[in-house]
Amino acid sequence: MSTERVAVELAKGVNGLEKIILRETRGSSAEVYLYGGHVTSWKNEHGEELLFVSSKALFKPPKAIRGGIPLCFPQFSNLGPLEPHGFARNKFWSIDTDPPAFPTNSSSKAHIDLILKPSEEDVKIWPHSYEFRLRVALGPGGDLMLTSRIRNTNSDGKPFTFTFAYHTYFSVSDISEVRVEGLETHDYLDNLQNRERFTEQGDAITFEGEVDKIYLSTPTKIAILDHEKKRTFVLRKDGLPDAVVWNPWDKKAKAMADFGDDEYKHMLCVEAAAIEKPITLKPGEEWRGRQELSAVPSSYCSGQLDPQRVLQGS
Ligand code: BG6
């Protein structure tokens, strides 16, 4: 068997839905469902799951999978006339067998290219022609990299405008022990207060109740420190100025049919996004948005890694 076949495997997932398993030689892995172009698993070389997926997730179209990394396109949340978070997460994607080359060559064998194009039915909902290409790749150290390339293929000369988010659900041991660094002092729109604009205080963000905020013009690196697990997630992003932080807490958790009552304790969404300034593409133009996730042993607890270095280092 060639290394290529070990690195990328097509398999049946929950309810017979097709998924792609990526495996990196040192043992890390990731899973991507064609339904939604949705990453549902990212494991480190010890086989520990790093993403949260609800035990009540339905894996039943047209409902989006609760957890992992849903793709919000072409509309974030209810900021427009479409269904919340747009339709990309509810569509069946295809494997892109001949993707246009990336300018930077990815040495990783463990990658898959997916593509979403509108059907005739889709055009009735959003009257545009586009090609949305998603590459999911595992780096040699187990980093998970997602690159989205969205091209306007309208033949009527019309531009289109969209908002976007990688709606990543991180798995955390106990939300009350988690800190997010990199968003302090930044402005945010509070989704719980009619999207009024506020400025975050100087301290790292901690969690004591429901949070649903869109941080604006954020740095390219954000760190999520899980004290109990002694693990730090580092999110690096490019082309995605905003960052949403969401935890539904107990009341909203109970109101969601596909989410366990207590599961809010074990997840945190930090979503690399382009929301405040929507992206406009003319026919022929392409937009690119990339996020790279790493999980490093926490440093912060053991004192081996200064969190400022996590944020500012390369
Ligand atoms: C977040 C939004 O991105 O997604 C929240 O900021 C929303 O307002 C949450 O509740 C979950 O959305 P959904 O559509 O997956 O239930």
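Reader: How many bridges pair strand 7 with strand 8, and in which sense do the two strands run?
Author: Keep in mind that this is a predicted model. Strands of a sheet pair through backbone hydrogen bonds, either parallel or antiparallel. For strand 7 and strand 8, the pairing covers 6 bridges, and the sense is antiparallel.

Reader: How many of the 6 residues of strand 7 are buried?
Author: Strand 7 covers residues 111-116. It's largely enclosed by the rest of the structure, because the number of its residues that are buried is 5.

Reader: Is Arg-133 buried or exposed?
Author: Arg-133 sits in strand 8, which spans residues 130-138. Its relative accessible area is 12%, and the cut-off for being buried is under 20%. So Arg-133 counts as buried.

Reader: Which side chain makes a polar contact of 2.7 Å with the side chain of Arg-133?
Author: Let's look at who is around. Leaving aside neighbours within four places in sequence, Arg-133 touches several residues, including Pro-99, Pro-100, Leu-114, Thr-147 and Arg-149. The side chain that joins Arg-133 in the 2.7 Å polar contact belongs to Asp-96.

Reader: Let's move to the start of the chain. What is the order of the strands in the open sheet of 4 strands?
Author: Pairing in this open sheet is antiparallel. Strand 1 (8-12) and strand 4 (38-43) are the edges, each pairing on one side only. On average, neighbouring strands here are turned by 20° against each other, direction ignored. Reading across, the order is 1-2-3-4.

Reader: And which residue in strand 2 is the bridge partner of Leu-10?
Author: Strand 1 and strand 2 (residues 18-23) run antiparallel, with 5 bridges joining them. Within strand 2, the partner of Leu-10 is Ile-20.

Reader: How many residues does the second, separate core have?
Author: First, a peek at one residue of the largest core, Phe-207. Setting aside neighbours within four places in sequence, its contacts include Ile-175, Val-178, Val-245, Trp-249 and Leu-268. The second core is separate and includes Leu-189, Ile-214, Leu-216 and Ile-275. Its residue count is 9.

Reader: What is the form of the peptide bond from Phe-73 to Pro-74?
Author: Most residues other than glycine have a negative phi, and most peptide bonds are trans. Pro-74 lies in the loop between strand 5 and strand 6 (94-95). From Phe-73 to Pro-74, omega is near 5°, and the bond is cis.

Reader: Where is Pro-62?
Author: The peptide bond from Pro-61 to Pro-62 is cis as well, with omega near 5°. You'll find Pro-62 in the loop between strand 4 and strand 5 (71-72).

Reader: What is phi of Thr-185 near?
Author: Thr-185 is in the loop between strand 12 (178-181) and strand 13 (187-190). It's exposed, with a relative accessible area of 55%. Its phi is positive although the residue isn't glycine, and the value is near 70°.

Reader: Last one: is Arg-195 buried or partly exposed?
Author: Arg-195 also has a positive phi, near 55°. Its place is in the loop between strand 13 and strand 14 (196-199). With a relative accessible area of 26%, Arg-195 is partly exposed.

How values were computed
Residues are numbered from 1 along each chain as its sequence is written. This is a predicted model: local features need pLDDT of at least 70, side-chain atom pairs count only at pLDDT 80 or more; totals for chains, interfaces and linings use all residues. Side-chain values use heavy atoms; hydrogens and water are left out. Two strands pair if DSSP finds at least two bridges between them. Axes are lines fitted to C-alpha atoms, for helices over the stretch in contact, and angles run from 0 to 180 degrees between N-to-C directions. A nonpolar core is a set of buried Ala, Val, Leu, Ile, Met, Phe, Trp, Tyr and Cys residues joined through side-chain atoms within 4.5 Å. Buried means under 20% relative accessible area, exposed over 50%, partly exposed in between (1.4 Å probe, protein chains only). Contact means heavy atoms within 4.5 Å. A polar contact is a pair of N or O atoms within 3.5 Å; within protein, one must be able to donate a hydrogen and the other to accept it, and residues adjacent in sequence count only if both atoms are side-chain atoms.
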